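Please keep the sequence and the structure in view while reading.

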Amino acid sequence: MSLTCDYLNFGAPFDDWDVDLIIRSAPLIVPASVTLAGNRGIATDFRVHKLFLIKASPVFERLLGESSSPGPSNPSGDEASDLGIRRDNHDDLPVLCLSEDRDTLHRLLSAIYPTDVVYPQTLEAMMKTYAAARKYAMSSALALMRTYCNRVARIVTTENAFRAYLFAFNEGLKEEALEAAQLTLSQPQTFTAYGPDLCNASGPALKALWKHRQFAFVTIGFAVQECVAEVGDLRGWKTSLPRDKPCCAEVGSRPHEQFLLFTRKLTSNFASMNFPSFVEAMSALGGFKCSSCKAPIRLDLLRLFNCLEGHVNGKFKKMHGDLLSLFDNSEEAHTDLRPSDDQQRDFGAPFDRKDSDLIIRSYDKVDFHVHKAVLAIASVVFEDMFTAPGPSPPEQGEGTPVIDNLTEDSKTLHRLLTMLYPVDPSIPETFEDALSLLSACQKYQMDATAARVRTLLKERTPPLITAQNSFRAYGIASRYHLGEEALLAARLTLERMMNFYECGEDLAFISGADLFRLWQYRTECTKVARDCINQMKRYTTAAPSISRSCTGSTNLCKNDAEELQSVPRWWHTHFLQRAADRPSPRSVANRAAFERSLTAHKSASGCPSCPQPDDTRVDNSICVAVEARLSAAIERVDLDGTPSA
């Protein structure tokens with residue numbers, strides 16, 4: 001039976017009359033205004049010879065063989081299904097319907113046919129072709145494409161390295177991911193640099209890139225040490241000139257100092273690892289001269305740079321395996337923890353009553369004996385399930401129906417049920433468990449239960465979501481679509497710096513899109529905080545340095561927010577500096593930091609107007625007023641990055 005789609009023949013050279021196989025691309029969905037009947041999409045047929053595919057790909061050799069029985073390379077016995085391939089027939093020919101698009105298949109087939117090779121011209125096309133060649137184990141085609149894209153017409157550059165890395169990581173192309181990650185070393189690892197491209201990143205991809213950067217700079221540091229030890233005092237790297245005198249054999253200390261300065265910068269900024277930058281750094285203070293006769297001294301800079309580059313590349317080559325292992329995204333895949341059938345068990349009291357009329361089975365195969373009426377009252381989803389027409393859940397044992405397709409584990413279901421039944425509630429002990437419970441409430445539309453859970457969590461001391469775990473909590477809450485908890489965690493992240501090092505291991509829990517949204521939220525909060533602080537001053541020009549003496553009047557007897565209009569200028573600068581990195585009201589108005597700035601200000605300026613640092617009443621009133629003003633402003637900013645009215 002033919003599959004439902006419209007298809008077109010590709011044409012020459014894939015239209016020979018003696019072909020014995022059709023390769024069909026994935027349907028291209030086109031707008032309704034131009035599509036063919038039924039808006040079914042258009043697939044492209046490539047009429048090919050099995051021989052070429054069998055010789056180029058062991059995968060196609062197995063698929064086109066007489067049998068596809070299970071074996072070492074095909075444990076499931078259904079390799080076509082595992083690869084997303086469907087079988088069809090057309091014009092008395094077998095058809096393999098692949099998941100790749102028309103252009104990707106064209107490039108792949110041109111690489112194994114005796115015809116002109118069609119090479120990828122864009123980053124996306126390159127990664128799709130690589131992924132297809134890897135999927136079908138077409139090693140010769142993959143090598144051909146890599147040679148062209150890496151040496152003939154280089155597609156991955158420093159400018160698009162981050163996007164290339166994401167493509168490669170998502171497709172499981174570890175070699176390409178490592179190559180692109182190496183190129184990202186020449187750019188700062190900041191949210192500003194990555195920008196909207198973050199939205200295409202997964203949490204594991206960002207974590208792997210962050211770890212690679214730390215590992216790479218350590219590797220560069222070791223390479224630099226080896227190079228510095230080899231070149232010594234640079235005496236052996238001097239270029240002899242005809243007019244050199246015996247005293248010119250010594251190169252002096254300055255060239256060596258310049259070389260050390262350049263190599264030290266490489267361990268934090270790899271962008272300067274190129275010959276022009278090296279020449280510029282070594283010539284920054286003009287040419288080198290003999291300390292005795294003042295004759296010019298020339299170093300063989302090209303040979304010296306090649307030595308440095310050789311050590312760095314050699315070190316990376318030695319560490320290739322370790323670096324490559326960072327991009328094994330299969331380790332990040334969720335493991336199926338569902339036990340085998342013989343591990344099924346009852347939870348026990350209080351969910352084991354004989355008068356129950358329903359069994360709900362957790363993901364880890366723990367049975368809870370419950371009552372339909374209780375679930376129907378608490379949940380719109382369960383109420384609809386019990387009242388909607390259709391087949392009833394299958395029965396077990398003495399005829400009790402079972403719902404066994406739940407995705408929650410037994411711990412989450414137990415906590416959820418204790419919130420519904422007249423028993424002591426099981427309150428989550430970690431924020432991960434709390435967010436999982438709230439996610440279940442949201443999934444089953446248990447609004448009243450969710451409100452009760454949130455009330456219990458707010459009463460808990462200490463709170464489960466804190467500044468220390470705020471990045472991870474934000475990522476998990478966002479994944480569960482828990483807007484209230486995501487916003488709470490986002491506000492707590494304002495108490496911390498936001499960079500890749502600060503996020504660290506928590507990057508694995510935050511998708512790139514959610515991370516980009518958090519960065520935009522912080523940017524807006526920083527702007528709101530800055531505007532709020534500026535409104536506390538009568539002037540709008542840039543604030544002077546904190547070391548300058550105060551100007552303007554200071555009224556310390558009135559401490560409400562309006563009187564902050566007369567604060568000295570150094571206060572304004574202090575609060576702006578605090579808001580730049582951590583725009584949390586609590587961090588900006590931190591009293592200890594305020595007192596340190598006050599002490600520095602009075603020491604530098606001898607200002608008689610400002611209070612003493614130990615004047616508790618005055619210090620507290622100033623910080624409390626600033627925090628209150630900032631809190632009111634920040635609370636109006638939502639996670640979309642827009643302040644509410």
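Are α21 and α23 parallel or oblique to each other? This is a predicted model, in which local features need pLDDT of at least 70 and side-chain atom pairs count only at pLDDT 80 or more, while totals for chains, interfaces and linings use all residues. Residues are numbered from 1 along each chain as its sequence is written, and side-chain values use heavy atoms, with hydrogens and water left out.

Helix α21 covers residues 483-493 and helix α23 residues 512-534; they pack at an angle of about 60 degrees, with their axes 10 Å apart. The axes are lines fitted to C-alpha atoms, for helices over the stretch in contact, and the angles run from 0 to 180 degrees between N-to-C directions. Angles under 35 degrees count as roughly parallel, over 145 as roughly antiparallel, 65 to 115 as roughly perpendicular and the rest as oblique. The two helices α21 and α23 are therefore oblique to each other. Their crossing is right-handed; the term applies if the near helix is turned clockwise from the far one by less than a right angle, and left-handed if anticlockwise. On the α21 side the contact (heavy atoms within 4.5 Å) is made by L487, A490, R491 and T493, and on the α23 side by L518, Y521 and R522.

The whole protein has 27 helices and 13 strands. Helices (H or I, at least four residues) and strands (E, at least two) are DSSP runs, numbered from the N terminus. Of the 645 residues in the protein, 45% are buried. Here buried means under 20% relative accessible area, exposed over 50%, and partly exposed in between, with a 1.4 Å probe and protein chains only. The accessible surface of the protein comes to about 32,700 Å², and 52% of this belongs to carbon and sulfur atoms; the areas come from the Shrake-Rupley method with a 1.4 Å probe, and for residues only the protein chains shown count as cover. Among contacts between residues at least 6 apart in sequence, 70% join residues at least 24 apart.

Next comes the interior. A nonpolar core is a set of buried Ala, Val, Leu, Ile, Met, Phe, Trp, Tyr and Cys residues joined through side-chain atoms within 4.5 Å. The largest one has 160 residues, and those with the most contacts inside it are I23, L53, F60, Y165 and Y521. Helix α10 (residues 203-231) gives the most to this core, with twelve residues. A second, separate core of five residues includes V19, I22, V95 and C97.

Leaving aside residues up to four places away in sequence, Y165 touches A177, A180, A181, A205, A208, L209 and F327. After α7 comes G172, with a positive phi near 75 degrees.

Helix α10 also packs on helix α11 (residues 254-266): their axes come within 9 Å and cross at roughly 165 degrees. That makes α10 roughly antiparallel to α11. This crossing is right-handed as well. F217, I220, V224, C227, V228 and V231 of α10 make the contact with F259, L260, T263 and L266 of α11.

Some backbone features remain. Most residues other than glycine have a negative phi, and most peptide bonds are trans. The peptide bond from A349 to P350 is cis, with omega near 0 degrees, and P350 lies in the loop between β9 (345-346) and β10 (358-361). The bond from T461 to P462 is also cis, with omega near -5 degrees; P462 is in the loop between α19 (447-458) and α20 (470-479).

Two residues other than glycine have a positive phi: D92, near 60 degrees, and A137, near 55 degrees. D92 is in the loop between β4 (86-90) and β5 (93-97), and counts as exposed because its relative accessibility is 81%. A137 is in the loop between α5 and α6 (139-152), and counts as partly exposed at 32% relative accessibility.
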